[in-house]
Amino acid sequence: MHADADAQALHLLQTVFGYPEFRGQQAQIVGHLARGGDALVLMPTGGGKSLCYQIPSLVRDGVGVVISPLIALMQDQVDALAEVGVRAAFLNSTQSFDEAMRIERQVRRGELDLVYVAPERLMTSRCLDLLESARIALFAIDEAHCVSQWGHDFRPEYIKLSILHERFPNVPRIALTATADAQTRAEIVQRLQLEEALQFVSSFDRPNIRYQIVEKANARQQLLDFINGEHAGDAGIVYCLSRKKVEEVADFLNSHGIAALPYHAGIDNVSRAANQARFLREDGIVMVATIAFGMGIDKPDVRFVAHLDLPKSMEGYYQETGRAGRDGLPADAWMAYGLQDVVQQRRMIDESEANDAYKRIQSQKLDAMLGLCETLHCRRVRLLDYFGQASGPCGNCDICSSPPVSFDGTVPMQKLLSTIYRVEQRFGAMHVLDVLRGVESDKVKQWGHDRLSVFGIGADRADQEWRAILRQAIALGLVTVDHEAYSALKLTEDARPVLRGEKTIQLRQYEKPARQKRKTAASKHVELGLTGEEQAIFEKLRWWRMEAARRHNVPAYVIFHDATLREIAKAKPHSLEDMRAISGVGEKKLETYGDEIVALIVSD
Ligand code: ADP
Ligand code: ZN
């Protein structure tokens with residue numbers, strides 16, 4: 001079997017999944033697993049992790065056991081596999097006892113190719129006994145970063161998964177994650193006893209995602225302009241920090257004619273699941289959510305991810321934005337960011353109950369995130385560099401397409417720093433900027449700050465410009481915000497050389513946020529690489545798909561991805577043979593849908 005495991009794997013890829021070839025490291029990973037090896041796979045979201053365990057499960061004898069914390073998504077995963085003719089089922093707390101018994105029987109009799117199991121379920125002695133009585137092809141531990149106690153997805157049950165190695169020493173294991181940092185990787189290896197596993201680390205670049213970070217002015221309006229301008233009718237995710245803001249933004253979008261749904265931990269389970277199901281199943285829904293939403297959401301046609309609040313870390317940002325464009329078609333990662341974000345995130349760290357070591361790590365992570373926001377160079381270079389990957393300017397981020405103007409900001413920075421110093425480091429941003437700009441507010445007069453030498457030395461710049469400079473001062477670590485003292489601005493040691501004129505500072509020229517231009521229908525299909533005629537077929541296919549999805553009671557993308565519809569619109573297949581050649585069309589789907597599609601094309 002060993003010699004031809006590779007040939008068998010490729011054959012399954014083509015006939016079952018309908019893809020002509022493996023992507024990136026898939027072929028090596030699949031081959032290694034099929035031959036009984038252990039693997040640790042780090043691949044960005046959308047990289048194609050699922051096939052890395054699905055195909056070896058088909059190649060090897062027995063059932064592939066997939067451990068996943070994402071109970072709510074198991075049904076869709078199983079449905080998607082059924083669509084391509086793979087025998088899959090799940091065991092979790094959402095099903096009845098009878099249903100679970102039926103699945104267990106199938107596992108015991110070897111009637112399944114794959115079974116998805118929640119980790120807490122797996123740990124029960126009933127389940128472990130079941131697995132001992134069955135033939136197991138492999139264990140796949142999905143979302144493996146959940147073992148990491150430092151990460152925000154920590155699941156205590158994951159730690160116990162080392163038991164698999166002890167009880168089933170001969171069954172190959174594959175752990176998968178999209179979280180890239182070395183610390184998490186080391187934790188996975190240690191806790192899951194994967195010291196012997198081969199590590200497969202893919203490039204973390206997602207070239208089809210365009211990164212864009214704009215100055216926050218009126219964030220909701222900016223978001224609305226962005227959606228109307230570039231993503232009318234598209235599915236997207238909008239991340240906000242608080243539940244309250246999630247609700248407000250969802251209401252705001254709805255009142256402006258955009259179908260938006262809220263998602264956060266304060267919404268009851270039933271409505272939350274219903275909102276998630278609508279997002280997955282219907283076309284063009286915008287999900288407004290806290291970071292509670294998204295792990296394991298493998299909806300391939302999310303066209304944009306927007307952030308209205310600053311994420312806590314590059315890891316979080318990359319994971320969240322990674323949910324856009326999994327189908328490889330163009331997608332946007334858009335963020336509005338302002339001074340208040342910096343202040344708020346710093347405060348959250350300062351006020352948290354955590355110990356100093358943890359706070360220090362959080363603070364370093366935030367600094368890296370601020371660096372990305374304030375950078376004068378390619379965003380992608382910065383992101384990939386953070387994950388240890390060198391690259392050159394990408395041509396597909398806001399900075400590459402319109403490089404910001406930088407200027408020698410030493411003098412304005414000195415003005416800002418001296419004002420903070422002159423008001424004795426006891427006042428917050430608003431007051432400091434009032435003094436700097438020479439605003440005779442009551443507070444300024446009350447403290448006699450209109451008599452300071454610095455009063456009005458910054459009258460030449462608008463409030464927004466000074467806010468941008470202050471933000472950069474904080475990002476550069478020259479100024480901190482003291483939350484124990486009414487958010488007073490304080491100078492750090494690093495401010496001294498700047499004040500003394502020993503160090504110059506490059507700043508980003510402030511630019512008024514420009515209104516987003518509305519994209520025409522024409523430019524949209526140019527983006528997909530379709531002619532006008534092909535675009536018309538594509539739209540027809542989408543209608544057909546919506547109907548088919550309703551009939552089969554599955555999400556539209558489970559029938560065919562946009563990318564496959566696009567291929568069909570270009571190739572215009574007139575026979576089942578033509579159809580077979582299209583990427584994303586396997587034997588089962590050809591049998592189920594082939595005639596309908598050909599009829600639709602021929603009648604056109
Ligand atoms: P991940 O779990 O890494 O986020 P998925 O396994 O969901 O990614 O795969 C992302 C998308 O890429 C899916 O829609 C999948 O069908 C598609 N895909 C995976 N491998 C291939 C391949 N070899 N050829 C074409 N498409 C692929
Ligand atoms: Zn770039």
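Modeller: The account below begins with the conventions, then takes up the zinc ion (ligand 2) and the disulfide count.

This is a predicted model, in which local features need pLDDT of at least 70 and side-chain atom pairs count only at pLDDT 80 or more, whereas totals for chains, interfaces and linings use all residues. Residues are numbered from 1 along each chain as its sequence is written, chains are lettered from A and ligands numbered from 1 in the order in which they are written, and side-chain values use heavy atoms, with hydrogens and water left out.

The zinc ion (ligand 2) is held by the SG atoms of C378, C394, C397 and C400, at 2.3 to 2.4 Å. Donors here are N, O and S atoms within 2.8 Å of the metal (3.2 Å for Na, K and Ca); water is not among the atoms, so sites may look incomplete. Along the sequence, these donor residues follow the spacing C-x15-C-x2-C-x2-C.

The arrangement around the zinc ion (ligand 2) is tetrahedral because its 4 donor atoms subtend angles of 101 to 117 degrees; four donors are given that name if all angles lie between 85 and 135 degrees. For four tetrahedral donors, the ideal angle at a metal is 109.5 degrees.

C397 counts as buried because its relative accessibility is 0%, whereas C394, at 25%, counts as partly exposed.

As for disulfides, a pair of cysteine sulfur atoms must lie within 2.5 Å to be counted, and the count comes to 0. C240 takes part in no disulfide, the nearest cysteine sulfur being that of C373, 16 Å away. C240 counts as buried because its relative accessibility is 4%.

Technical notes:
Buried < 20%, exposed > 50% of the residue type's maximum accessible area, 1.4 Å probe, protein only. Tetrahedral: all angles 85-135°; square planar, octahedral: opposite > 155°, others 65-115°.
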